[in-house]
Amino acid sequence: MRFWEGIRLALTQVWTHKLKSFFSLVGVIIGITFLIAVITIVEGMNRYVREDFAGSIFGVNTFTVVQRSQVNTGPQSSEQRRREARNPDLVLHDVEVVRAATPGAKQFAYMTDRFLSEVRSGGERRPNVRLIGGSEDYQEIQGWKVESGRGLTPLDQRRALKVAVIGSAIAERLFPTTSPLDKPIRFRGQQFTIVGVFEKQGGFIGNIRDASVLIPFSTYNQTMAERREEVEEILVKVNVAAEMEPTIAEVEGALRADRQLRPGEDNNFWIQTSNDLLSAWNTINRILMTAIPGLVSVSLVVGGIVIMNIMLLSVTDRTREIGLRKSLGARRRDIMFQFLTEASTLSILGAALGILVGLGLARVVEEFTPLPASVSGISLVIALALGLVVGISSGLYPAYRAARLDPIEALRYE
Amino acid sequence: MAINGQRDGMILTRGLTKEYVMGAETVRALRGVDLRIDRNEYVAIMGPSGSGKSTLMNLIGCLDTPTAGEYVLNGQAVQDLDDDELARIRNREIGFVFQTFNLLPRATALHNVELPLIYAGMSAKERQRRAAEALEKVALADRMDHKPNELSGGQRQRVAIARALVNEPSILLADEPTGNLDSSTSAEIMTVFDALHASGQTIIMVTHEADIAAHSHREITLVDGMISAEHVKTPVAAGL
């Protein structure tokens with residue numbers, strides 16, 4: 001029997017039993033949906049982390065000094081984490097130590113931040129805002145660009161003025177129709193004057209920046225700080241990548257000396273580079289990529305078993321048809337081919353449906369959450385190939401049973 | 001050896017034997033049948049149930065192989081052929097007509113008739129042309145796109161006959177072809193058979209009804225797996 005003849009026959013069969021076909025495909029559809037949705041989102045995250053995150057958020061050739069590690073970059077013992085929690089907080093004194101140790105740095109900044117449950121202006125309010133108190137070069141070292149108005153100046157810092165540069169999401173919410181410049185903004189019982197608005201960034205991490213308010217560090221220190229002179233991060237940007245390691249070593253040595261740590265004693269501070277974040281992401285990525293095939297194959301095996309059962313039922317239902325076809329000259333391989341094609345068509349249809357639903361799901365996730373999505377062509381090919389494999393392997397036994405039927409008994413079957 | 005001297009016979013059997021093992025018992029369905037049927041014969045195989053007529057029919061139709069004995073169809077010994085070769089012979093040489101029609105319920109009359117041609121590996125265009133032609137021969141040209149449940153019993157059996165004939169087989173093999181039909185429809189179907197025979201078709205039918213068998217030119221009666229009587233009628237006696 002010709003190939004297309006088999007496909008047409010299979011499609012007719014699937015179409016005739018629409019509901020039965022659909023239910024027999026649920027397992028495969030779920031498996032492939034999951035595969036496509038997760039891969040599309042993980043792939044989106046991958047692109048995001050590789051192309052934007054490391055560069056624009058963390059900055060190239062930049063390292064930060066923090067009280068303790070912020071990202072879990074690998075297996076850390078809880079004992080280690082408890083010890084880090086006892087590290088002393090960073091204060092302005094540490095800033096001076098680091099600054100003295102990095103005279104050749106391209107840029108140098110420090111900041112502290114806190115979470116605000118809301119900011120207000122006029123009658124409008126915007127919840128969930130990150131308030132940053134940044135030193136002079138903070139916005140520059142972060143690569144944040146001001147879209148309208150101005151950024152913070154040395155004068156703002158020196159005089160500890162109550163001025164703020166706000167993120168685009170806050171500007172949109174508080175001033176949907178007017179310009180936010182020179183307008184007041186209130187939080188924690190204080191009133192600041194808006195002098196600038198940052199460029200909209202968007203995206204997974206960008207959303208956080210779009211919902212940030214930047215004020216001078218000195219102002220923060222005087223009006224907002226829970227503990228005076230507290231610093232969250234000290235940021236150092238070097239000129240070229242080759243300077244990273246020696247500069248980090250300098251900073252490490254200076255801080256250890258200042259804190260009078262004995263040789264062999266652990267650092268009671270943490271130096272973080274974008275590599276830490278990348279390797280943290282790679283760890284997550286690796287776990288996901290190991291877990292997905294397992295989860296997907298479980299649902300595909302279940303889906304395959306369902307298809308096999310449906311096909312076995314179909315062989316029994318159509319025993320007379322098989323007998324008739326044999327009496328009309330169908331060979332074993334023709335019958336075998338017919339049922340294999342049917343199972344494969346069914347399963348590939350399921351995979352195609354799964355792809356559609358999966359892509360739809362990824363779109364929905366992209367639309368309503370900050371998670372990015374990126375369709376990888378290879379995952380579509382893999383999904384269809386998996387559909388074919390499931391179809392053939394689950395159709396093999398039923399097809400064999402059908403092909404082996406004795407034509408006389410099959411014709412007599414009631 | 002004796003068979004070699006009778007090459008012109010379309011069907012030749014010598015000592016055709018079929019045994020089934022049912023549990024501990026061996027059932028001897030056929031016990032050495034010698035038979036010769038020539039081209040353009042019109043033969044009825046009769047006998048009570050359990051006489052072995054269905055078994056003989058299955059062997060002649062190459063749906064089964066004998067336990068012992070020889071069967072030569074159109075000069076080819078078929079008793080030792082394998083499954084695929086038997087399928088090819090069924091496809092080219094035999095046209096089956098069943099008591100229960102055995103049409104695919106969801107396929108049109110045309111597609112039902114096309115089926116044997118699919119297994120003959122014919123192109124779709126050629127298949128449709130020949131299937132349409134076969135349906136015209138049984139006066140169903142206007143019912144090609146109907147499904148079996150939109151056809152009467154007689155029309156269904158005529159679709160089945162068209163299907164049996166579409167590959168121009170050597171033998172039309174009918175198993176109780178009127179068993180599911182009322183008497184007037186039976187007469188209609190037998191008219192089709194008679195006309196086919198008149199145009200040169202070899203017909204073998206299994207029946208237990210004497211008035212159906214009366215259309216044939218030769219009646220072979222089986223009892224207990226052996227031929228017990230053979231009755232050759234002159235064309236006049238057969239009503240022609």
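Me: What is the bridge partner of B:Ile45 in β9(B)?
Reply: It is B:Ile220. Do keep in mind that this is a predicted model.

Me: What makes β3 and β9 of chain B a pair?

Reply: Two strands pair if there are at least two bridges between them. Strand β3 (residues 42–46) and strand β9 (residues 218–223) of chain B share four bridges, in the parallel sense, so they count as a pair.

Me: Why are β6 and β10 of chain B called edge strands?
Reply: The open sheet has six strands in the order β6-β7-β8-β3-β9-β10 (chain B), with mixed pairing. Both β6 (94–97) and β10 (226–232) of chain B pair on one side only. From one strand to the next, the twist averages 20°.

Me: Which helix packs on the sheet, and which strands does that helix touch?
Reply: Helix α1 (residues 53–60) of chain B does, touching β3, β7 (171–175), β8 (202–206) and β9 of chain B. The direction of this helix makes about 150° with that of β8(B).

Me: How many residues does each chain bring to the contact between A and B?
Reply: Chain A gives 17 residues and chain B gives 18 residues. On the side of chain A, the elements with two or more residues are α1 (3–16), α12 (319–327), α13 (332–368) and α15 (407–412). The largest share, six residues, comes from α12(A).

Me: What kinds of residues make up the side of chain A that touches chain B?
Reply: They divide into eight charged, six nonpolar and three polar.

Conventions:
Residues numbered from 1 in each chain as written. Chains lettered and ligands numbered in written order. Predicted model: local features only at pLDDT ≥ 70, side-chain atom pairs only at ≥ 80, totals over all residues. Contact = placed C-beta atoms within 7 Å. Nonpolar A, V, L, I, M, F, W, Y, C, P; charged D, E, K, R; others polar. Axes fitted to C-alpha atoms, helices over the stretch in contact; angles between N-to-C directions.
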